[in-house]
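Trainee: I would like to learn how to read the features of a protein model, one at a time. Where do we begin?

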Amino acid sequence: MSTTADLLITNGIVMTMDPLDRVIKNGAVAVCGEMIAAVGPATAFGSIDAKETIDAAGGIIMPGLVNTHTHAAMTLFRGLADDLPLMTWLNAHIFPAEALLDPDKVHAGTLLACAEMILSGTTCFCDMYLFEDAVARAAKSAGMRAVVGEVLYDFPSPNYGPIQKGFDFTRGLIDAWQDDPLVTIAVEPHSPYLCTPDLLTEAADIAREHRVPLVTHLSETHKEVNDIREKYGTTPVGHLADLGVLGANLLACHCVVISDADMDLLEQYAVKVSHNPESNMKLASGISPVTLLVERGVCTGLGTDGCSSNNNLDLFAEMDMAAKLHKVSRLDPTVMDAATVLRMATIDGARALGLDGITGSIESGKKADIIVIDTRKPHLTPMYHPASHLVYAVGGSDVCATVINGRVLMKNRRLMHMDLKKIMADARQIAEAIREH
């Protein structure tokens, strides 16, 4: 072990989320540059000379959370249109509001989302939205790890116009952000109901050509399934299978209304799934059969969706909801146990994005994406099982430190490199313009 480190996080319970699920009761993590240099008992780190030390004070040291599906800039629409069916919400309220967006507004909304995520323990997110170059720049400036992709659909986009220019824009993003240490570009057709077969197949071809993730909404509502079946004679999952779109690089978001045959296809093609329970509940889309997917070995991560259909980006709340929702829907308290849900929010979420080689667990040689939970709180006392606490008791506001790529972005509940007052003021100003329109 090296005798020097840039950062030492010590005096806490280390939840490694590694292949052995090691829990180190009094542990420490040493960070050199962007990387985790060592993890082990705190007693083994006594001789290390660290430039900066974070004392976990007996709390929990764990990998940062991975939000596998959101629309970050939709923080600008938080609470704009609630208690509505999905298609009414989308067509009558969200699409008209989005027509007012531009790169500066998207950048501002994304900065607000990044601040919220850093403060609540999310270190990596997967985004689908408009003006994604602005999203990438905002994530990069905030210091967050992100997978971003421009939403592609049949009708003209406020950003790129016709779809062929959308493909060009996506290729340009891939070139511009190639090999960036924080930002990965994905190809992101919106959904089978807003994309022609030709659009879906070309998007899949671009993703395969450039070896990047392919992300889409899939089988989110009964209406979507019925419409696709009427149009193409099969389910949305079956439709993508027929088009040759299913594959190990595909992240399918929602997967609420899926059949046994659909699940067979998702398993067969090693498709990854993003489960978004709070959004699906709020929009009354239904309950995804995630327990069955997990039993089949389908890699499943957690996502918050956007702030206009949740209405927050707190993945701790999402974990709590995911665990309880499936217990009551299955009438079985043993399903979606804490360990399973915790993996969904960390290492399985990273795997869903193709990033499990660099993040999602605390292991030597991985990027230092780490958070610290302050457990010196009444609602976290006593603590018998750390995993149980993380899923059922901890909230985003209990995160006291956030480190991404070896850089301390939040410490003692204070953002170190972001002007939060200005970020919130900018968002309020944009909201006034939206309200007046």
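Mentor: We begin with the cysteines. This is a predicted model. A disulfide requires two cysteine sulfur atoms within 2.5 Å, and by this rule the count here is zero disulfides.

Trainee: How far is the nearest cysteine sulfur from that of Cys195?

Mentor: For Cys195 the nearest cysteine sulfur belongs to Cys253 and is 13 Å away, and Cys195 is in no disulfide. Cys253 is in no disulfide either; its nearest cysteine sulfur, that of Cys126, is 6.3 Å away.

Trainee: Is Cys195 buried or exposed? And is Cys253 buried or exposed?

Mentor: Buried means under 20% relative accessible area. Cys195 has 3% relative accessibility and counts as buried. Cys253, at a relative accessible area of 0%, is buried as well.

Trainee: Next, helices. How should I read the sides of a helix?

Mentor: An α-helix has 3.6 residues a turn, so residues three or four places apart point the same way. Take α5, residues 197-210, as the case. The helix has 14 residues and spans 20 Å from its first C-alpha to its last, close to the 20 Å expected at 1.5 Å a residue.

Trainee: Which residues of α5 are buried?

Mentor: They are Leu199, Leu200, Ala203, Ala204, Ile206 and Ala207. Viewed down the axis of α5, the buried residues fall within an arc of 160°, so they line one face of the helix. Asp198 and Glu209 are exposed and sit on the face turned away from that buried side.

Trainee: What do the buried residues of α5 pack against?

Mentor: Their packing partners are β8 (145-152), α4 (163-176), β10 (188-189), β11 and α7 (236-243).

Trainee: β11 brings us to sheets. What is the strand order in the open sheet of four strands?

Mentor: The order is β11-β12-β13-β14, and the pairing is parallel. β11 (214-218) and β14 (300-302) are at the edges with a single partner strand each, so one side of each has no neighbour in the sheet. From one strand to the next, the twist averages 25°.

Trainee: How many bridges pair β12 with β13?

Mentor: Three bridges pair β12 (residues 250-254) with β13 (residues 272-275), in the parallel sense. Leu251 has Lys272 in β13 as its bridge partner. Helix α11 (residues 315-330) lies across β13 and β14 and runs at about 125° to β14.

Trainee: Where can I look at antiparallel pairing?

Mentor: First a general point about strands: in a regular strand the side chains alternate between the two faces of the sheet. For the antiparallel case, look at β16. Strand β15 (residues 370-373) pairs with β16 in the antiparallel sense over four bridges, and Val372 stands opposite Ala401 in β16. Four bridges also join β16 to strand β17 (residues 407-411), again running antiparallel. There, Ile404 stands opposite Arg407 in β17.

Trainee: How many residues of β16 are buried?

Mentor: Six of the six residues of β16 (residues 399-404) are buried, so the strand is largely enclosed by the rest of the structure. β16 and β17 form a hairpin with two residues between them.

Trainee: What should I look for in the backbone angles?

Mentor: Most residues other than glycine have a negative phi, and most peptide bonds are trans. Asn405, in the loop between β16 and β17, has a positive phi of about 55° although it is not a glycine. At 11% relative accessibility, Asn405 counts as buried. Leu331 also is not a glycine and has a positive phi, of about 50°. Leu331 lies in the loop between α11 and α12 (338-345) and, at 73% relative accessibility, counts as exposed.

Trainee: Where are the cis peptide bonds?

Mentor: One runs from Asn310 to Asn311, with omega near 25°; Asn311 is in the loop between β14 and α11. Another runs from Thr381 to Pro382, with omega near -10°, and Pro382 is in the loop between β15 and α14 (386-392).

Terms used:
Residues are numbered from 1 along each chain as its sequence is written. This is a predicted model: local features need pLDDT of at least 70, side-chain atom pairs count only at pLDDT 80 or more; totals for chains, interfaces and linings use all residues. Side-chain values use heavy atoms; hydrogens and water are left out. Two strands pair if DSSP finds at least two bridges between them. Axes are lines fitted to C-alpha atoms, for helices over the stretch in contact, and angles run from 0 to 180 degrees between N-to-C directions. Contact means heavy atoms within 4.5 Å. The expected span of a helix is 1.5 Å times one less than its number of residues. Buried means under 20% relative accessible area, exposed over 50%, partly exposed in between (1.4 Å probe, protein chains only). The arc is that of the directions from the helix axis to the C-beta atoms.
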